[in-house]
Amino acid sequence: MLVHLPDLTPAVEATIRLVIRDARRSQSGPQSYDYKSQEDRRRFDELLDAITRIVADPAPQPPATRRTALGDPEEVTVRSLSAASAEVLDAYLDRHAGDDNLVEKALLSLALHGHHGKPAFASLARHSDPRHAVHTLTRELRHRLGGSSANREAWAREILALPDCPSETVLALPAWTALKARGHRYDSTHPTVLALVEAALGDDHQAWQRFADSPIGNSGPSAWLRLGDILTAATDGRHGRSRPPPADDSGGPESGRLVQSHEPACGPPRSPTRSPSRTCPAAARWSFPTAA
(Lines give C-alpha, C1' and ligand atoms only; values in the text may rest on other atoms or scores of the structure.)
Protein backbone atom coordinates (compact mmCIF):
# COMPACT_ATOMS: atom_id res chain seq x y z
CA MET A 1 0.00 0.00 0.00
CA LEU A 2 2.80 2.44 0.88
CA VAL A 3 4.38 1.97 -2.55
CA HIS A 4 1.28 3.35 -4.26
CA LEU A 5 0.67 6.34 -2.01
CA PRO A 6 1.05 9.60 -3.95
CA ASP A 7 3.01 11.12 -1.09
CA LEU A 8 4.05 10.54 2.52
CA THR A 9 3.46 13.54 4.73
CA PRO A 10 6.05 14.25 7.44
CA ALA A 11 3.56 13.15 10.09
CA VAL A 12 2.89 9.82 8.39
CA GLU A 13 6.60 9.26 7.81
CA ALA A 14 7.42 9.97 11.46
CA THR A 15 4.70 7.57 12.61
CA ILE A 16 5.97 4.81 10.31
CA ARG A 17 9.51 5.23 11.60
CA LEU A 18 8.25 4.87 15.18
CA VAL A 19 6.38 1.71 14.22
CA ILE A 20 9.51 0.28 12.61
CA ARG A 21 11.58 1.13 15.70
CA ASP A 22 9.10 -0.52 18.06
CA ALA A 23 8.78 -3.56 15.81
CA ARG A 24 12.52 -4.11 15.79
CA ARG A 25 12.68 -3.72 19.56
CA SER A 26 9.96 -6.34 19.97
CA GLN A 27 12.19 -8.84 18.14
CA SER A 28 15.21 -8.28 20.39
CA GLY A 29 14.01 -10.59 23.16
CA PRO A 30 14.37 -14.37 23.49
CA GLN A 31 13.45 -16.28 20.36
CA SER A 32 12.90 -19.83 19.22
CA TYR A 33 15.32 -21.47 16.80
CA ASP A 34 13.03 -23.95 15.11
CA TYR A 35 12.61 -23.67 11.36
CA LYS A 36 9.16 -22.03 11.39
CA SER A 37 10.18 -19.39 13.93
CA GLN A 38 13.32 -18.52 12.00
CA GLU A 39 11.38 -18.31 8.74
CA ASP A 40 8.79 -16.03 10.32
CA ARG A 41 11.60 -13.84 11.67
CA ARG A 42 13.22 -13.64 8.24
CA ARG A 43 9.97 -12.58 6.57
CA PHE A 44 9.29 -10.04 9.32
CA ASP A 45 12.75 -8.50 8.88
CA GLU A 46 12.32 -8.37 5.11
CA LEU A 47 9.00 -6.56 5.53
CA LEU A 48 10.54 -3.98 7.87
CA ASP A 49 13.45 -3.46 5.46
CA ALA A 50 11.01 -2.94 2.58
CA ILE A 51 9.01 -0.38 4.57
CA THR A 52 12.22 1.41 5.57
CA ARG A 53 13.25 1.68 1.91
CA ILE A 54 9.85 3.11 0.95
CA VAL A 55 10.01 5.78 3.64
CA ALA A 56 13.56 6.75 2.57
CA ASP A 57 12.72 6.85 -1.15
CA PRO A 58 10.33 9.66 -2.15
CA ALA A 59 7.48 8.96 -4.52
CA PRO A 60 7.76 10.33 -8.07
CA GLN A 61 5.86 13.38 -9.18
CA PRO A 62 2.39 12.65 -10.62
CA PRO A 63 1.35 11.24 -13.01
CA ALA A 64 4.34 8.91 -12.64
CA THR A 65 3.91 5.90 -10.39
CA ARG A 66 6.29 3.80 -8.34
CA ARG A 67 6.25 0.01 -8.40
CA THR A 68 9.12 -0.50 -5.98
CA ALA A 69 11.42 1.49 -3.70
CA LEU A 70 15.17 1.11 -3.38
CA GLY A 71 15.66 3.18 -0.24
CA ASP A 72 17.96 6.00 0.75
CA PRO A 73 20.54 6.76 -1.99
CA GLU A 74 23.21 7.14 0.70
CA GLU A 75 22.59 3.61 1.92
CA VAL A 76 21.63 1.73 -1.24
CA THR A 77 24.33 -0.67 -2.39
CA VAL A 78 25.71 -1.45 -5.83
CA ARG A 79 24.45 -5.01 -5.40
CA SER A 80 20.92 -3.78 -4.73
CA LEU A 81 20.98 -1.63 -7.85
CA SER A 82 22.29 -4.53 -9.94
CA ALA A 83 19.19 -6.55 -9.02
CA ALA A 84 16.78 -3.82 -10.14
CA SER A 85 15.24 -3.82 -13.59
CA ALA A 86 16.23 -1.16 -16.11
CA GLU A 87 12.93 0.68 -15.65
CA VAL A 88 13.14 0.66 -11.85
CA LEU A 89 16.76 1.85 -11.86
CA ASP A 90 16.03 4.62 -14.35
CA ALA A 91 13.03 5.83 -12.34
CA TYR A 92 15.12 5.74 -9.15
CA LEU A 93 17.77 7.95 -10.74
CA ASP A 94 15.02 10.32 -11.89
CA ARG A 95 13.75 10.65 -8.31
CA HIS A 96 17.25 11.48 -7.08
CA ALA A 97 18.49 13.67 -9.91
CA GLY A 98 21.78 15.45 -9.27
CA ASP A 99 23.21 12.75 -6.99
CA ASP A 100 26.61 11.99 -8.55
CA ASN A 101 27.43 9.30 -6.00
CA LEU A 102 24.23 7.44 -6.89
CA VAL A 103 25.03 7.68 -10.60
CA GLU A 104 28.44 6.12 -9.92
CA LYS A 105 26.79 3.26 -8.03
CA ALA A 106 24.48 2.74 -11.01
CA LEU A 107 27.48 2.60 -13.34
CA LEU A 108 29.16 -0.02 -11.17
CA SER A 109 25.93 -2.02 -10.89
CA LEU A 110 26.10 -2.82 -14.60
CA ALA A 111 29.34 -4.74 -14.14
CA LEU A 112 28.49 -6.51 -10.89
CA HIS A 113 26.94 -9.50 -12.63
CA GLY A 114 27.81 -8.65 -16.23
CA HIS A 115 24.19 -7.78 -17.05
CA HIS A 116 23.45 -6.26 -20.42
CA GLY A 117 20.76 -3.83 -21.47
CA LYS A 118 20.66 -1.88 -18.22
CA PRO A 119 20.79 1.91 -18.37
CA ALA A 120 23.84 2.27 -16.12
CA PHE A 121 26.27 3.62 -18.69
CA ALA A 122 23.47 5.40 -20.50
CA SER A 123 23.03 7.19 -17.18
CA LEU A 124 26.55 8.57 -17.39
CA ALA A 125 25.12 11.78 -18.84
CA ARG A 126 23.40 12.34 -15.49
CA HIS A 127 26.79 12.88 -13.83
CA SER A 128 28.10 16.42 -13.44
CA ASP A 129 31.57 15.34 -14.66
CA PRO A 130 31.21 12.10 -16.67
CA ARG A 131 34.79 11.96 -17.95
CA HIS A 132 36.30 12.33 -14.49
CA ALA A 133 33.80 9.88 -12.98
CA VAL A 134 34.62 7.09 -15.43
CA HIS A 135 38.36 7.57 -15.00
CA THR A 136 38.18 7.63 -11.21
CA LEU A 137 35.93 4.57 -11.04
CA THR A 138 38.27 2.68 -13.36
CA ARG A 139 41.34 3.54 -11.30
CA GLU A 140 39.52 2.60 -8.08
CA LEU A 141 37.76 -0.41 -9.57
CA ARG A 142 39.17 -2.95 -7.15
CA HIS A 143 37.98 -0.99 -4.14
CA ARG A 144 34.68 0.21 -5.62
CA LEU A 145 33.64 -3.01 -7.40
CA GLY A 146 35.93 -5.92 -6.60
CA GLY A 147 34.71 -9.42 -7.28
CA SER A 148 35.46 -11.91 -10.02
CA SER A 149 36.97 -11.66 -13.48
CA ALA A 150 33.44 -11.43 -14.90
CA ASN A 151 32.99 -8.09 -13.11
CA ARG A 152 36.23 -6.74 -14.54
CA GLU A 153 35.42 -7.97 -18.03
CA ALA A 154 31.95 -6.41 -17.98
CA TRP A 155 33.41 -3.09 -16.87
CA ALA A 156 36.13 -3.20 -19.53
CA ARG A 157 33.56 -3.90 -22.26
CA GLU A 158 31.58 -0.82 -21.30
CA ILE A 159 34.68 1.38 -21.02
CA LEU A 160 35.98 0.32 -24.42
CA ALA A 161 32.54 0.86 -25.95
CA LEU A 162 32.41 4.49 -24.85
CA PRO A 163 32.90 6.93 -27.74
CA ASP A 164 36.18 8.84 -27.52
CA CYS A 165 37.20 7.15 -24.29
CA PRO A 166 40.43 8.83 -23.07
CA SER A 167 43.59 6.76 -23.32
CA GLU A 168 44.38 7.34 -19.66
CA THR A 169 41.12 5.64 -18.70
CA VAL A 170 41.84 2.60 -20.86
CA LEU A 171 45.34 2.43 -19.36
CA ALA A 172 43.75 2.41 -15.90
CA LEU A 173 41.96 -0.87 -16.69
CA PRO A 174 43.31 -4.09 -15.14
CA ALA A 175 45.99 -5.26 -17.58
CA TRP A 176 44.91 -8.88 -18.00
CA THR A 177 41.30 -7.87 -18.54
CA ALA A 178 42.18 -5.16 -21.06
CA LEU A 179 44.42 -7.47 -23.06
CA LYS A 180 41.72 -10.13 -23.18
CA ALA A 181 39.02 -7.73 -24.39
CA ARG A 182 37.79 -8.85 -27.80
CA GLY A 183 38.27 -6.94 -31.00
CA HIS A 184 36.35 -7.25 -34.24
CA ARG A 185 37.06 -10.99 -34.40
CA TYR A 186 36.69 -13.61 -31.72
CA ASP A 187 40.46 -14.24 -31.61
CA SER A 188 41.59 -10.61 -31.73
CA THR A 189 42.04 -7.97 -29.09
CA HIS A 190 40.26 -4.64 -28.92
CA PRO A 191 41.97 -2.20 -31.33
CA THR A 192 42.16 0.58 -28.74
CA VAL A 193 44.11 -1.63 -26.35
CA LEU A 194 46.29 -2.91 -29.18
CA ALA A 195 47.15 0.61 -30.33
CA LEU A 196 48.15 1.68 -26.82
CA VAL A 197 50.36 -1.38 -26.31
CA GLU A 198 52.14 -0.96 -29.66
CA ALA A 199 52.55 2.79 -29.15
CA ALA A 200 54.14 2.23 -25.74
CA LEU A 201 56.48 -0.65 -26.66
CA GLY A 202 57.25 0.22 -30.28
CA ASP A 203 60.21 -1.68 -31.72
CA ASP A 204 61.94 -2.21 -28.38
CA HIS A 205 62.45 -5.98 -28.21
CA GLN A 206 63.59 -5.84 -24.60
CA ALA A 207 60.46 -3.92 -23.64
CA TRP A 208 58.31 -6.56 -25.33
CA GLN A 209 60.16 -9.29 -23.44
CA ARG A 210 59.69 -7.49 -20.14
CA PHE A 211 56.02 -7.09 -21.04
CA ALA A 212 55.82 -10.84 -21.72
CA ASP A 213 57.37 -11.56 -18.34
CA SER A 214 55.12 -9.17 -16.43
CA PRO A 215 53.33 -10.65 -13.40
CA ILE A 216 49.76 -9.97 -14.50
CA GLY A 217 47.18 -12.71 -14.04
CA ASN A 218 43.47 -13.42 -14.09
CA SER A 219 42.97 -13.74 -10.34
CA GLY A 220 44.40 -12.52 -7.07
CA PRO A 221 46.26 -9.21 -6.66
CA SER A 222 47.92 -9.68 -10.06
CA ALA A 223 44.53 -9.40 -11.74
CA TRP A 224 44.28 -5.77 -10.62
CA LEU A 225 47.63 -4.55 -11.97
CA ARG A 226 46.83 -1.71 -14.34
CA LEU A 227 47.72 -1.79 -18.01
CA GLY A 228 49.41 1.61 -17.86
CA ASP A 229 51.63 0.59 -14.94
CA ILE A 230 52.66 -2.62 -16.69
CA LEU A 231 53.54 -0.78 -19.91
CA THR A 232 55.50 1.85 -17.99
CA ALA A 233 57.46 -0.84 -16.17
CA ALA A 234 58.21 -2.61 -19.46
CA THR A 235 59.43 0.52 -21.21
CA ASP A 236 61.42 1.85 -18.23
CA GLY A 237 63.13 -1.49 -17.63
CA ARG A 238 62.00 -1.82 -14.04
CA HIS A 239 62.07 -5.28 -12.56
CA GLY A 240 59.92 -6.85 -9.95
CA ARG A 241 56.22 -6.90 -9.30
CA SER A 242 54.21 -3.72 -9.60
CA ARG A 243 52.05 -2.96 -6.61
CA PRO A 244 48.35 -3.61 -7.26
CA PRO A 245 45.86 -0.93 -6.20
CA PRO A 246 44.79 -1.35 -2.57
CA ALA A 247 41.54 -3.09 -1.74
CA ASP A 248 39.82 -5.06 0.94
CA ASP A 249 39.65 -8.31 -1.02
CA SER A 250 42.34 -10.14 -2.97
CA GLY A 251 40.03 -11.86 -5.45
CA GLY A 252 41.62 -15.28 -5.05
CA PRO A 253 44.98 -17.00 -5.52
CA GLU A 254 47.48 -15.62 -7.96
CA SER A 255 47.65 -17.25 -11.35
CA GLY A 256 51.28 -16.81 -12.34
CA ARG A 257 53.01 -15.29 -15.33
CA LEU A 258 52.27 -14.95 -18.96
CA VAL A 259 53.78 -17.76 -21.02
CA GLN A 260 55.38 -16.85 -24.34
CA SER A 261 54.36 -19.02 -27.29
CA HIS A 262 56.35 -19.98 -30.37
CA GLU A 263 54.26 -17.91 -32.78
CA PRO A 264 54.61 -14.19 -32.10
CA ALA A 265 51.69 -12.30 -33.60
CA CYS A 266 52.23 -8.84 -32.22
CA GLY A 267 55.14 -6.65 -31.24
CA PRO A 268 58.22 -5.31 -32.97
CA PRO A 269 58.84 -6.57 -36.52
CA ARG A 270 61.57 -9.17 -36.92
CA SER A 271 62.90 -7.29 -39.90
CA PRO A 272 62.32 -3.85 -41.51
CA THR A 273 60.24 -5.50 -44.21
CA ARG A 274 57.83 -7.25 -41.87
CA SER A 275 55.27 -5.31 -39.88
CA PRO A 276 53.50 -6.63 -36.80
CA SER A 277 50.16 -8.30 -37.34
CA ARG A 278 47.04 -6.66 -36.01
CA THR A 279 46.34 -8.88 -33.05
CA CYS A 280 47.56 -8.57 -29.48
CA PRO A 281 49.96 -10.30 -27.11
CA ALA A 282 47.00 -11.47 -25.04
CA ALA A 283 45.29 -13.10 -27.99
CA ALA A 284 48.12 -14.73 -29.88
CA ARG A 285 51.69 -13.82 -28.93
CA TRP A 286 51.27 -15.08 -25.36
CA SER A 287 48.94 -17.65 -23.94
CA PHE A 288 47.39 -17.13 -20.53
CA PRO A 289 47.66 -20.00 -18.05
CA THR A 290 44.69 -20.66 -15.86
CA ALA A 291 44.93 -20.34 -12.12
CA ALA A 292 46.53 -23.28 -10.42
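**Reading the labels**

Mentor: This is a predicted model, and the secondary structure of its chain comes to 14 helices and two strands. Of the 292 residues in the chain, 41% are buried.

Trainee: Why is E153 called partly exposed?

Mentor: E153, which lies in helix 8, has a relative accessibility of 37%. Buried means under 20% and exposed means over 50%, with partly exposed in between, so E153 at 37% counts as partly exposed.

Trainee: What makes W208 and F211 an aromatic pair that is edge-to-face?

Mentor: A search of the whole structure finds one aromatic pair, and W208 and F211 form it, with 6.2 Å centre to centre and 80° between the planes.

Trainee: How many helical turns separate W208 and F211?

Mentor: About one helical turn separates them, because W208 and F211 are three residues apart in helix 12. In general, an α-helix has 3.6 residues a turn, so residues three or four places apart point the same way. Both W208 and F211 are buried.

Trainee: What makes R152 a charge that sits over the ring of W224?

Mentor: The charged end of R152 is 4.8 Å from the centre of the W224 ring.

Trainee: Which residues touch the most other members in the largest nonpolar core?

Mentor: That core has 40 residues, and W155, L173, V193, V197, L201, F211 and L227 touch the most other members. Among the elements that give two or more residues to this core are helix 5, helix 6 and helix 8. Apart from it lies another core, of ten residues, including L70 and L81.

Trainee: What does L201 touch, leaving aside residues up to four places away in sequence?

Mentor: L201 touches A207, W208, F211, L231, A234 and T235.

Trainee: Which helices do the buried residues of helix 13 pack against?

Mentor: The buried residues of helix 13, among them L227, I230 and L231, pack against helix 9, helix 10, helix 11 and helix 12. Just after helix 13, G237 takes a positive phi of about 80°.

How values were computed:
Residues are numbered from 1 along each chain as its sequence is written. This is a predicted model: local features need pLDDT of at least 70, side-chain atom pairs count only at pLDDT 80 or more; totals for chains, interfaces and linings use all residues. Side-chain values use heavy atoms; hydrogens and water are left out. Helices (H or I, at least four residues) and strands (E, at least two) are DSSP runs, numbered from the N terminus. Buried means under 20% relative accessible area, exposed over 50%, partly exposed in between (1.4 Å probe, protein chains only). Contact means heavy atoms within 4.5 Å. A nonpolar core is a set of buried Ala, Val, Leu, Ile, Met, Phe, Trp, Tyr and Cys residues joined through side-chain atoms within 4.5 Å. Rings of Phe, Tyr and Trp (its six-membered ring) pair if their centres lie within 6.5 Å; planes under 30 degrees apart count as stacked, over 60 as edge-to-face and the rest as tilted. A charge sits over a ring if NZ of Lys or CZ of Arg is within 6 Å of the ring centre and within 35 degrees of the ring normal.
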